[in-house]
Amino acid sequence: MAEDPGVSEVVRQLDKACREAGFFYVKGHGIPDSLLKEEDTEKIGVNLTNGMPDMQEAIDIYKEVKEEMYGALGKLLEGQNQCGSHTDYGLLGLLNQDDDITALQVRNLSGEWISAPPIPGTFVCNIGDMLKILSNGLYDSTLHSVINNSPRYRVCVAYFYETNFDTAIEPLETCIQNTAGRAKKFERAVYGEHLVSKVLANIRL
């Protein structure tokens, strides 16, 4: 498979996107569009955790949605009961966005906040902190946030690909050798410890 020109080109493009942007859209993934649009049984306003934080998803805290609860339209969501600007904690994050509401913003390499509008049939892929460490910084984790720009509900489904809670992560030797100066930029990190520290810093209750 590694000698397949098509596969090699896809790998080259993914590597370029990871190095130069830190996030990208994934299409041609084989998941039917009908399944992507299928509504989950956990509707907005249905509280399946009895108001308690769901530690599996960290920010799965269901409360009654009230007017201006998430700030004024067109403003970054930095208030109470929400997650501020942050990077994902694990290896990769995949996001299935609503088709008609642009709310996700990412910060590019120039430090500018740019919109990541939904493209039907695609996932947005964000690089997480653990992949940044594994790659010795060759791939940077994506700083992103959300703009409240619609009076309607926005529902997105996120999947986080992560290591085990007690897994220790450190830069791969092959990535160190491909880094300018061949210097190790990150020390060993235990994923669970990193996750808890980031959640406590980012989640406002």
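# Salt bridges, buried residues and an open sheet

User: Is aspartate 129 buried or exposed?

Analyst: Aspartate 129 counts as buried, because its relative accessibility is 8%, and the cut-off for buried is under 20%. Please note that this is a predicted model.

User: Which side chain does aspartate 129 meet in a salt bridge?

Analyst: Aspartate 129 meets the side chain of lysine 198, with an N to O distance of 2.7 Å. The pair links distant parts of the chain, since aspartate 129 is in helix H3 and lysine 198 is in helix H5 (residues 191-202), 69 residues apart.

User: And lysine 198, buried or exposed?

Analyst: Lysine 198 is buried, with a relative accessible area of 18%.

User: How many salt bridges does the structure hold?

Analyst: The structure holds 6 salt bridges. Among them is the one between lysine 132 and aspartate 140, where the closest N and O atoms are 3.0 Å apart. Lysine 132 counts as partly exposed at 24% relative accessibility, and aspartate 140 is likewise partly exposed, at 34%.

User: With which residue does glutamate 9 form a salt bridge?

Analyst: Glutamate 9 forms a salt bridge with arginine 12, and the closest N and O atoms are 2.8 Å apart.

User: Why are glutamate 9 and arginine 12 separated by about one helical turn?

Analyst: Both residues belong to helix H1 (residues 5-20) and are 3 residues apart, so about one helical turn separates them. Glutamate 9 is partly exposed, with a relative accessible area of 30%, and arginine 12 is also partly exposed, at 45%.

User: Let us change topic. Where is serine 135 found?

Analyst: Serine 135 is in the loop between helix H3 (129-134) and strand S7 (144-148). Serine 135 counts as buried, because its relative accessibility is 4%.

User: What lies 3.0 Å from a polar atom of the serine 135 side chain?

Analyst: The backbone nitrogen of tyrosine 139 lies at that distance of 3.0 Å.

User: How many residues apart in sequence are serine 135 and glutamate 170?

Analyst: They are 35 residues apart in sequence, and their C-alpha atoms are 8.6 Å apart in space.

User: Now asparagine 126. In which strand is it found?

Analyst: Asparagine 126 is in strand S6, which covers residues 123-127. Asparagine 126 is buried, with a relative accessible area of 4%.

User: What is asparagine 126 in contact with, leaving aside neighbours within four places in sequence?

Analyst: Asparagine 126 is in contact with Gly22, Phe23, Asp88, Leu91, Leu92, Gly93, Thr142 and His144.

User: What about the open sheet, in which order do its 4 strands come?

Analyst: The order is S1-S6-S3-S8, and the pairing is antiparallel. Strand S1 (23-26) and strand S8 (157-161) are the edge strands, each of which pairs on one side only. On average, neighbouring strands of this sheet are turned by 25 degrees against each other, direction ignored.

User: Over how many bridges do S3 and S8 pair?

Analyst: Strand S3 (residues 92-96) pairs with S8 over 5 bridges, in the antiparallel sense. Within S8, valine 157 stands opposite asparagine 96, and tyrosine 159 stands opposite leucine 94.

User: And how many bridges join S3 and S6?

Analyst: S3 and S6 pair over 4 bridges, again in the antiparallel sense. Leucine 92 has isoleucine 127 in S6 as its bridge partner.

User: In a regular strand, how do the side chains alternate?

Analyst: In a regular strand, the side chains alternate between the two faces of the sheet.

User: Finally, the whole protein. How many helices and strands are there?

Analyst: The secondary structure comes to 5 helices and 10 strands. The protein has 205 residues, of which buried residues make up 34%.

User: What does the accessible surface come to?

Analyst: The accessible surface of the protein comes to about 13,000 Å², and 54% of that surface belongs to carbon and sulfur atoms.

User: And of the contacts with a separation of 6 or more, what percentage comes from residues 24 or more positions apart?

Analyst: Residues 24 or more positions apart account for 74% of those contacts.

Conventions. Residues numbered from 1 in each chain as written. Predicted model: local features only at pLDDT ≥ 70, side-chain atom pairs only at ≥ 80, totals over all residues. Heavy atoms only, no water. Helix = DSSP H or I, 4+ residues; strand = E, 2+ residues; numbered from the N terminus. Buried < 20%, exposed > 50% of the residue type's maximum accessible area, 1.4 Å probe, protein only. Polar contact = N/O pair within 3.5 Å; in protein donor to acceptor, adjacent residues only side chain to side chain. Contact = heavy atoms within 4.5 Å. Salt bridge = Lys/Arg side-chain N within 4 Å of Asp/Glu carboxyl O. Pairing = 2+ DSSP bridges. Axes fitted to C-alpha atoms, helices over the stretch in contact; angles between N-to-C directions. Areas by Shrake-Rupley, 256 points an atom, 1.4 Å probe, with all protein chains shown as cover.
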